[in-house]
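User: I would like to go through this model and ask what each label rests on.

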Amino acid sequence: MTVHTPAADGAAEAAPAAATCERGATVWLTGLPSAGKTTLAFALAERLRAEGHRVEVLDGDEIREFLSKGLGFSREDRHTNVTRIGFVAEKLAANGVKVLAPVIAPYADSRAAVRERHSAQGTEFLEIHVATPVELCSERDVKGLYAKQAAGELSGLTGVDDPYEAPADPELRIQTQGRSVAESAAELHSFLTERGLA
């Protein structure tokens, strides 16, 4: 005969709750330099965290400093950088984290490789195109890259003298021109809500 103690019963009841894991996903925000990807990602992250979600932002600049230090901006190095970020994103998302990756990822085949890795692992991947025109990006010029390129101090600027292959069929395309950060973040939040992720 088995005797159930209150402590044992409590442990048994707690087990299903402990086994429950929040649904993770990778939300990849691609777009030109100064398109507003990182600003949008942090605005959305703040809202999601306030709602109780586990969120991580994989900022492209931070990744280059700490994970991809030493990589240049050749097509091969860009691909390596993107697939490294994709690897980390998938690991986090598979463990119930909402991963926001504001990363240019200029080449379609690199983004496809990240999507395929997620698919192979059964992890959700959403490609969001932050579709800000290059003229507006150049006006914003958050890091001064467009000014340096125009002055001949920089070459290989994505979307100017280096390719940017815009997604042909992203899960969502956000037009930021003439809209506030809050409005763009609200659109993305609504999209995630429709997907059952927010």
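User: What makes Ala-105 count as buried or exposed?

Analyst: The model is a predicted one. Ala-105 has a relative accessible area of 3%. Buried means under 20%, so Ala-105 is buried.

User: Why is Asp-141 called buried?

Analyst: The relative accessible area of Asp-141 is 15%. The cut-off is under 20%, so Asp-141 is also classed as buried. Asp-141 has a positive phi of about 35 degrees, and it is not a glycine either. Its place is in the loop between helix 6 (134-140) and helix 7 (145-150).

User: How do you know that the length of helix 8 agrees with what its residue count predicts?

Analyst: Helix 8 (181-194) has 14 residues, which should span 20 Å at 1.5 Å a residue. The end C-alpha atoms of helix 8 are 20 Å apart, so the two values agree.

User: Which residues of helix 8 are buried, and what makes them one face?

Analyst: Ser-184, Ala-185, Leu-188, His-189, Phe-191 and Leu-192 are the buried residues of helix 8. Seen down the helix axis, they fall within an arc of 160 degrees, so they line one face. An α-helix has 3.6 residues a turn, so residues three or four places apart point the same way. On the other side of helix 8, Ala-182 and Glu-194 are exposed; for that label the relative accessible area has to be over 50%.

User: What covers the buried residues of helix 8?

Analyst: The cover includes strand 1 (25-30), helix 2, strand 4 (125-130) and strand 5 (172-174). Just after helix 8, Gly-196 takes a positive phi of about 80 degrees.

User: How does the reach of helix 4 compare with the expected value?

Analyst: Helix 4 has 20 residues and reaches 28 Å from its first C-alpha to its last. The expected value at 1.5 Å a residue is 28 Å, and the reach is close to that.

User: Which residues of helix 4 are buried, and how do you know where they lie around the axis?

Analyst: The buried residues of helix 4 are Arg-78, Asn-81, Val-82, Ile-85, Gly-86, Ala-89, Glu-90 and Ala-93. They cover an arc of only 170 degrees around the axis, which puts them on the same side of helix 4. Their packing partners are strand 1, helix 3, strand 3 and helix 5. Just after helix 4 comes Gly-96, with a positive phi of about 85 degrees.

User: What lines the largest pocket, and how much space lies in it?

Analyst: About 880 Å³ of space lies in the largest pocket. Its lining consists of 36 residues, and Pro-33, Lys-37, Asp-61, Ile-104 and Lys-143 lie nearest the centre. Helix 2 (37-50), helix 3 (60-66), helix 4 (75-94) and helix 8 each supply at least two lining residues. The largest share, four residues, comes from helix 2.

User: What is the make-up of that lining?

Analyst: The lining divides into 16 nonpolar, twelve polar and eight charged residues.

User: How many helices and strands does the chain have, and how much of the chain counts as buried?

Analyst: The chain has eight helices and five strands. Of its 198 residues, 40% count as buried.

Key. Residues are numbered from 1 along each chain as its sequence is written. This is a predicted model: local features need pLDDT of at least 70, side-chain atom pairs count only at pLDDT 80 or more; totals for chains, interfaces and linings use all residues. Side-chain values use heavy atoms; hydrogens and water are left out. On a 1 Å grid over the protein atoms alone, a cavity is a set of points where a 1.4 Å probe fits but cannot get out, and a pocket is an open set with protein on both sides within 12 Å along at least five of seven lines; lining residues have an atom within 4 Å of a point. Grid points are joined across faces, edges and corners, and a volume is the space filled by probe spheres set on the points. Ala, Val, Leu, Ile, Met, Phe, Trp, Tyr, Cys and Pro count as nonpolar, Asp, Glu, Lys and Arg as charged, and the others, Gly among them, as polar. The expected span of a helix is 1.5 Å times one less than its number of residues. Buried means under 20% relative accessible area, exposed over 50%, partly exposed in between (1.4 Å probe, protein chains only). The arc is that of the directions from the helix axis to the C-beta atoms. Contact means heavy atoms within 4.5 Å.
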